[in-house]
Amino acid sequence: MSIQSPNVIVSPGSIRSLDYGDIYFSEDAEREVNRVFLEPAKIKERMKYASVFSIGELGFGSGLNFLTTANIFVKEAPEAARLRFISFEKHPLLKKDVLKALSTTAFSHLTVEVLADALPSRTHGWHRRFFLDGKIELSVYVGDAEVGIKDLINRENSGIDAWFLDGFSPAKNPAMWSPTLLQQIATVTRKNGTVTSFSAAGKVR
């Protein structure tokens with residue numbers, strides 16, 4: 001089943017959802033990813049000791065979180081280590097929109113162009129991609145996050161080390177922040193796993 005394109009306004013370094021009345025990321029882009037998701041969970045430090053590090057994300061969006069994390073992983077993790085990045089996206093962006101929105105960023109290892117060429121097809125279900133000779137594994141579930149998480153629980157054996165909750169705001173996208181969905185996340189998270197989010201909503205915290 002084909003997926004409908006999101007209704008967005010895109011310019012270099014910016015992308016806004018008209019459906020949710022919210023932005024995908026702020027002007028400081030990569031710094032925001034570090035400030036909101038990586039630094040609070042001490043992701044860089046934890047990567048240094050990982051053989052396999054698994055990250056789950058709600059809201060793949062432009063792929064900015066993935067690209068930022070993957071490039072840091074290449075620098076910080078042991079040479080033989082692998083990153084598993086598992087994300088959920090109901091309305092995947094078109095390639096041209098990703099390229100335009102991230103045109104002001106520059107990554108040295110896994111680039112925007114390489115990701116754009118490997119974006120998931122616009123069909124429901126799991127889409128898996130490998131980068132940098134298998135060092136980086138990206139799995140994106142296209143469809144409802146709650147359905148995808150249920151399937152992940154049935155498939156996942158090792159568990160998730162860290163979660164990035166990056167859906168649109170709870171007031172505008174409540175389905176992404178439901179108690180049921182958050183409990184499912186807890187079920188598939190490893191002991192001492194972390195959850196970071198841009199949201200300051202009390203019920204989310």
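Analyst: A residue is called exposed when its relative accessible area is over 50%, buried when it is under 20%, and partly exposed in between. The model shown here is predicted.

User: Why is D133 called exposed?

Analyst: The relative accessible area of D133 is 86%. The term requires a value over 50%, and therefore D133 is exposed.

User: What makes L132 partly exposed?

Analyst: L132 has a relative accessible area of 36%. Buried residues lie under 20% and exposed residues over 50%, so L132, at 36%, is partly exposed.

User: Where is L132 placed, and what is its phi?

Analyst: L132 belongs to the loop between strand 6 (125–131) and strand 7 (136–142). Its phi is positive, about 55°, although L132 is not a glycine. D133 is found in the loop between strand 6 and strand 7, and the phi of D133 is also positive, near 60°.

User: How do you know that the radius of gyration of the protein chain agrees with a compact globule?

Analyst: For 205 residues, a compact globule would have a radius of gyration near 17 Å. The protein chain has 16 Å, so the value agrees. The C-alpha trace spans about 40 × 40 × 35 Å along its principal axes.

User: What percentage of the protein chain counts as buried?

Analyst: Of its 205 residues, 52% count as buried; the term applies under 20% relative accessible area.

Methods
Residues are numbered from 1 along each chain as its sequence is written. This is a predicted model: local features need pLDDT of at least 70, side-chain atom pairs count only at pLDDT 80 or more; totals for chains, interfaces and linings use all residues. Side-chain values use heavy atoms; hydrogens and water are left out. The radius of gyration is taken over C-alpha atoms; the globule rule is 2.2 Å times the number of residues to the power 0.38. Buried means under 20% relative accessible area, exposed over 50%, partly exposed in between (1.4 Å probe, protein chains only). Helices (H or I, at least four residues) and strands (E, at least two) are DSSP runs, numbered from the N terminus.
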